Amino acid sequence: MPKTRVPAVEGMFTMDPDNPHLIGGKVPGRDSWFFPRHLAGGDPAVSGDVELETVELGNRGRLWSYTTSNYPPPPPFVVTTDPYVPITVVAVELHDEKMVVLGQCVAGFGPDDLHVGEEMQLTLDTLYEDDDHEYVVWKWRPVTGCAAEDQ
Amino acid sequence: MDEIAILGVGMHPWGKWGRNFVEYGTHAAREALSDANVAWSEVGFVSGAITVRCGYPGYVSGSTFARALGFTGAQVASSYAACASGATALQVARGQILSGACDVALVVGADTTPKGFLAPNAGDRPDDMDWLRFHLVGATNPVYFGLHARRRMELHGATTDDFAMVKVKNSRHSVHNPRARFTKEYGLDDVRNSPVVSDPLRLLDICATSDGGAAMVVSSMDWARAHGHTDPVRVAGISTVTPTYPDTVIDLPYLATDSSVGTPAPGRGFKESIGDRVYIEAGLGPEDIDLAEVYDLSSALELDWYEQLGFCAKGDAEKLLRDGVTSIGGRLPVNASGGLGAFGEAVPAQAIAQVCELTWQLRDQAGERQVEGARVGITANQGLFGHGSSVLVRR
């Protein structure tokens with residue numbers, strides 16, 4: 001019996017496996033986006049009586065920076081490998097919204113495989129599992145063969 | 001901005017003592033009172049920096065310390081601004097003094113920290129950014145430090161040896177600081193051979209978490225003069241700014257920055273604005289600074305501060321370091337105390353401890369680590385969730 005795929009946290013990204021998007025908030029009539037939507041803030045425009053739009057953010061961007069966690073992060077992170085395999089964390093600047101969004105990089109890419117400015121694509125991956133569920137999160141994947149200069 | 005006087009400072013040595021944080025705070029407070037030659041009964045206001053790791057007494061730290069020292073009816077407040085808590089507590093005290101609500105205030109913070117990564121509160125809390133970043137991304141504090149270090153390498157050609165040299169420099173300073181937790185002098189190879197924590201940063205590039213306590217006794221200038229303090233170190237500026245939208249540099253604990261499409265990013269970012277504000281209050285600029293204590297959560301972040309505080313242009317921090325400008329004996333020593341790399345972070349005490357060090361330096365009481373002729377010093381620090389912290393002191 002296959003496990004049910006559910007988002008690790010509801011409402012932060014779409015679950016379309018082929019073309020996922022982060023779900024952001026947007027001030028109507030203003031080029032001002034937030035992620036995650038439910039913790040929007042920063043723009044003084046939201047201090048008024050503003051009902052934020054719910055929008056799908058662009059799922060492509062340029063790699064802004066990258067790093068690793070060579071030691072297992074503490075809870076509420078769920079360590080799924082034993083022994084622990086270091087994770088790679090990346091920061092990606094979305095092309096359209098010009099905002100930098102964090103995420104894990106998909107497995108198999110370490111610091112030696114990445115370079116600032118390269119094209120990155122949003123994807124979905126399993127964060128952890130229990131007996132009945134696969135808990136899904138967004139991750140970033142390098143768009144190989146697609147140099148940053150071409151964008 | 002009107003100034004206030006620093007009459008006395010005190011610290012409990014940093015370490016991993018595992019004792020009650022109240023003990024560290026009262027130790028530091030007694031030392032500061034003694035240094036100031038002020039009786040506890042003369043203190044009209046106690047400004048505590050909060051610790052969130054030690055239960056309820058930590059949340060009401062002002063009254064916890066007041067009770068430990070003996071209740072006298074003094075007024076009290078407790079402030080939390082993460083790593084910036086000490087600067088906020090000082091600012092609250094300054095407000096009390098300058099408004100005339102009190103003459104003398106005690107500012108105090110202390111912490112007992114658990115081993116390992118600082119982590120968010122327990123429970124299933126998707127409405128807390130701090131929880132989300134750990135749960136969904138595994139973004140520990142060093143992950144953010146690593147992102148910034150790598151960015152610095154890409155933008156400015158910094159090398160991992162540049163980062164290591166910061167640690168080497170600060171460890172050389174720390175040898176002469178009996179209050180520091182780590183007083184060993186490290187060489188480049190020690191840093192190079194320590195394990196990677198968050199690429200490109202290694203264990204010796206990243207500050208530990210520590211126990212410690214720091215305190216200061218502050219008063220109005222009039223009270224200081226009337227009580228024999230003819231030339232005290234003065235607080236000339238305090239900055240506790242928040243970011244200005246849009247904040248386009250990813251930082252703790254956020255998952256995303258603001259967007260710069262609709263509103264262009266300000267010419268000076270959040271970290272730059274921290275120092276800008278304190279310079280304005282003090283009527284001074286980077287060219288007036290003799291020494292600085294900056295928040296080297298990682299070695300690479302110290303280099304960022306050189307630029308953010310205006311000590312050099314963007315991209316020139318490595319040159320400042322390599323030329324020895326920021327070493328004791330150089331033109332603008334940074335982290336003469338040894339910095340966080342030598343102390344480890346005791347969150348509510350750290351911003352106060354920075355001012356303690358500057359006070360000793362400006363009084364020519366820093367012993368072997370004395371910066372010759374120091375008259376003006378600046379601290380810089382930042383608490384997560386958008387807390388700036390900078391204090392400018394002069395003599």
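Chain B holds an open sheet of 9 strands, with mixed pairing and the order β3-β2-β4-β7-β1-β8-β11-β10-β9. At its edges stand β3 (75-79) and β9 (291-294) of chain B. Each has a single partner strand, so one side of each is left without a neighbour in the sheet. Neighbouring strands of this sheet are turned by 25° against each other on average, direction ignored. The model is a predicted one, and every value here is computed from it.

Take one pairing inside this sheet. Strand β4 (residues 104-111) of chain B runs antiparallel to strand β7 (residues 211-220) of chain B, and 8 bridges join the two. Within that pairing, B:Ala105 has B:Val218 of β7(B) as its bridge partner.

Helices pack on the strands. Helix α4 (residues 85-98) of chain B lies across β1 (4-15), β2 (45-49), β3, β4, β7, β8 (233-239) and β11 (387-394) of chain B. Its direction is at about 165° to β2(B). Helix α10 (residues 270-282) of chain B also packs on the sheet. There α10 touches β8, β10 (376-383) and β11 of chain B, and its direction makes about 35° with that of β11(B).

Helix α4(B) has a helical partner too. Two packed helices are described by the angle between their axes and the distance between the axes. For α4(B) and helix α14 (residues 347-362) of chain B, the axes come within 6 Å and cross at roughly 65°. From α4(B), the contact uses B:Ser85, B:Gly86 and B:Ala87. From α14(B), it uses B:Pro348, B:Ala351 and B:Ile352. By class, this contact has 4 nonpolar residues, 2 polar ones and no charged ones.

Follow chain B past α14 into the loop between α14 and β10. B:Arg363 lies in this loop. B:Arg363 forms a salt bridge with B:Asp35, and the closest N and O atoms are 3.0 Å apart. B:Asp35 belongs to helix α1 (residues 21-36) of chain B, so the pair links distant parts of the chain, 328 residues apart. Over all chains, a search of the whole structure finds 28 salt bridges.

The loop between α14 and β10 of chain B also holds B:Asp364. Most residues other than glycine have a negative phi, and most peptide bonds are trans. B:Asp364 is not a glycine, yet its phi is positive, at about 65°. Two peptide bonds are also worth a look. A cis peptide bond joins B:Leu252 and B:Pro253, with omega about -5°. B:Pro253 is found in the loop between β8 and α10 of chain B. In chain A, a cis peptide bond joins A:Asp82 and A:Pro83, with omega about 5°. A:Pro83 sits in the loop between β5 and β6 of chain A.

Chain A has an open sheet of 3 strands in the order β3-β2-β4, with antiparallel pairing. The edge strands are β3 (33-34) and β4 (53-56) of chain A, and each pairs on one side only. Strand β2 (residues 23-26) of chain A runs antiparallel to β3(A), and 2 bridges join them. In this pairing, A:Gly25 stands opposite A:Phe34 of β3(A).

Now turn to where the two chains meet. The contact takes 48 residues from chain A and 43 residues from chain B. The area buried between chain A and chain B is about 3800 Å². Carbon and sulfur atoms give 65% of that area. On the chain A side, A:Trp64, A:Pro76 and A:Leu102 supply 18% of the area that chain A buries against chain B. That is more than any other three residues supply.

Which polar links join the chains? Between chain A and chain B, 17 residue pairs are in polar contact, both residues at pLDDT 80 or more. The count of salt bridges between chain A and chain B is 0.

Several strands build the side of chain A that touches chain B. β5 (60-69), β6 (87-94), β7 (100-105), β8 (119-129) and β9 (133-142) of chain A each supply at least two of its residues. The largest share, 6 residues, comes from β5(A). By class, this side of chain A has 31 nonpolar, 11 polar and 6 charged residues.

Key:
Residues numbered from 1 in each chain as written. Chains lettered and ligands numbered in written order. Predicted model: local features only at pLDDT ≥ 70, side-chain atom pairs only at ≥ 80, totals over all residues. Heavy atoms only, no water. Pairing = 2+ DSSP bridges. Helix = DSSP H or I, 4+ residues; strand = E, 2+ residues; numbered from the N terminus. Axes fitted to C-alpha atoms, helices over the stretch in contact; angles between N-to-C directions. Contact = heavy atoms within 4.5 Å. Buried area = accessible area lost by both parts, 1.4 Å probe. Salt bridge = Lys/Arg side-chain N within 4 Å of Asp/Glu carboxyl O. Polar contact = N/O pair within 3.5 Å; in protein donor to acceptor, adjacent residues only side chain to side chain. Nonpolar A, V, L, I, M, F, W, Y, C, P; charged D, E, K, R; others polar.
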